[in-house]
Amino acid sequence: MLKSRSFATIIRKKSQLLHQIRTWFWEQGYLEVQTPLLVFSPAMEETLESISCDGRYLHTSPEFAMKHLLAQGLCKIYQIVPCFRGEEEGRHHSKEFSMLEWYRAGIGTQDLMNESIDVIYSCAKALGVDIADFDCIPTAELLDPNLPEEEWMFRWVDEIEPNLPPSVIVYDYPKWGAALARIRGEKADRFEIYINGLEIGNAFHEELNPSVIRTRWEKGNANRIQKGKSPHPMDEDFLQDISQMPRCSGIAIGLDRLLMALLDITDIKDTHVPNRRES
Amino acid sequence: MKYQTSQFKNGLKVEMDNTPYNMVYFQFVKPGKGTAFTRTKLKNMLTGAVIERTFRTGETIQAADVETVEMEFLYLEGEDYHFMNMDTYDQISIPKSTIEEESKFLIEGSKVEILYYKSRPVNIDLPNFVEAEITICDPGIKGNTANGGSKPATISSGATVQVPLFIEQGEWIKVDTRTKEYVSRVKK
């Protein structure tokens, strides 16, 4: 793909994308924030692997620190930041990638879906590309929510993901997939955005009860230990922050992948300035 | 021998259900909500059909016992195609039913890659181009140039390809075996 397009063009498009995102959030009254990249607790989620660095960890996302800001009373915040994840390497995965993450107090997943679509459309327009109208589908319409977790995940990757509509938001996940989202009824109140089968973003209506998160964290750590992996250190400050957060929703969008989706790039490496020793 | 998902790469020869497959595509997939998988496309080395298969991380797949050996096609006898390894002078034969499609482009003296699976020859890989004599074709029409239409012509090995109208029976042509298309006229 990239062979036919000069690298400078990609850089230029990426710059336009960043400019459009910052313009959009500025106009909507969001604050751009910066939080530490070196953290003491890299993640809660069992399946995330981190990269350690000088006694700390490179963050896997700015989630904990941004939630601290929410607990401090900031209501509309966003961040564009590199994130780091161990053991993730492939056409759609990189150990280092750019994240656009934002949180807004007082809204649920429905409002956040609308904001997300608006951001993506504005980016597409800025880059002069068209994307299909978004479908919104509850996951239960695609896959039986009562399947065991392992089988559900396998069939999601094997059957569902490759056959999703071109632009789609899937929402309401099985309860075991709640991560940091609240559970409403029997469903995890979260959604994901896919463009052309590529997972672009991941959103939560945030859980505000620290003991619920503590229980999930402990369960995840127990599973990690069973698999011979080191547990993710429990972040007590973060648990305290949760109890002080307003009702809010947040989303993380992989910017490299958004660029891939908008420009029909098939390998995430083609959106990065190469580490020359690798290439 | 078995391969782990972390060893997957294009060109890996693997075995499932007693069939050898060539891995023509693989992709690491890790949904934001869970564990990692590897999506693959596997090409059946006997039929050429491509299937899709998803593997869980840590899952293994059997390595296929395959090797390829270059040999020269000697002659057709009855329903058997005879080949010779030009290094060892070993001769083998493969029945026509095994290489039905490929055999239509087998010209005596051409070098092919013989695929062995569990020590048995099971398929052949043709050279990308072969030169063959046209054995059956309608007469050429005077005044036609290379820009004209086309007509079917049968080559000595049995395949039928579309050729320009000016080509005559008894002429030699070069054919692309991958697309099964006429490339050019060959002076013999």
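Here is a short tour of the cores and then the pockets.

This is a predicted model, with local features needing pLDDT of at least 70, side-chain atom pairs counting only at pLDDT 80 or more, and totals for chains, interfaces and linings using all residues. Residues are numbered from 1 along each chain as its sequence is written, chains are lettered from A in the order in which they are written, and side-chain values use heavy atoms, leaving out hydrogens and water.

Start with the largest nonpolar core, which has 39 residues; a core here is a set of buried (under 20% relative accessible area, 1.4 Å probe, protein chains only) Ala, Val, Leu, Ile, Met, Phe, Trp, Tyr and Cys residues joined through side-chain atoms within 4.5 Å. Among the members that touch the most others are A:L17, A:F25 and A:W102. Take A:L17: beyond its neighbours within four places in sequence, its contacts (heavy atoms within 4.5 Å) include A:C123, A:L127 and A:L258. A separate core of 29 residues includes B:V69 and B:I92.

Now for the open space. The largest pocket holds about 1400 Å³, counted as the space filled by probe spheres set on grid points joined across faces, edges and corners. A pocket is an open set of points on a 1 Å grid over the protein atoms alone where a 1.4 Å probe fits, with protein on both sides within 12 Å along at least five of seven lines, and lining residues have an atom within 4 Å of a point. Its 44 lining residues include A:T47 and B:K30, which are among those nearest the centre. The second largest pocket has about 930 Å³, and its 50 lining residues include A:T60 and A:R85, among the closest to its centre.

Notes: Buried < 20%, exposed > 50% of the residue type's maximum accessible area, 1.4 Å probe, protein only.
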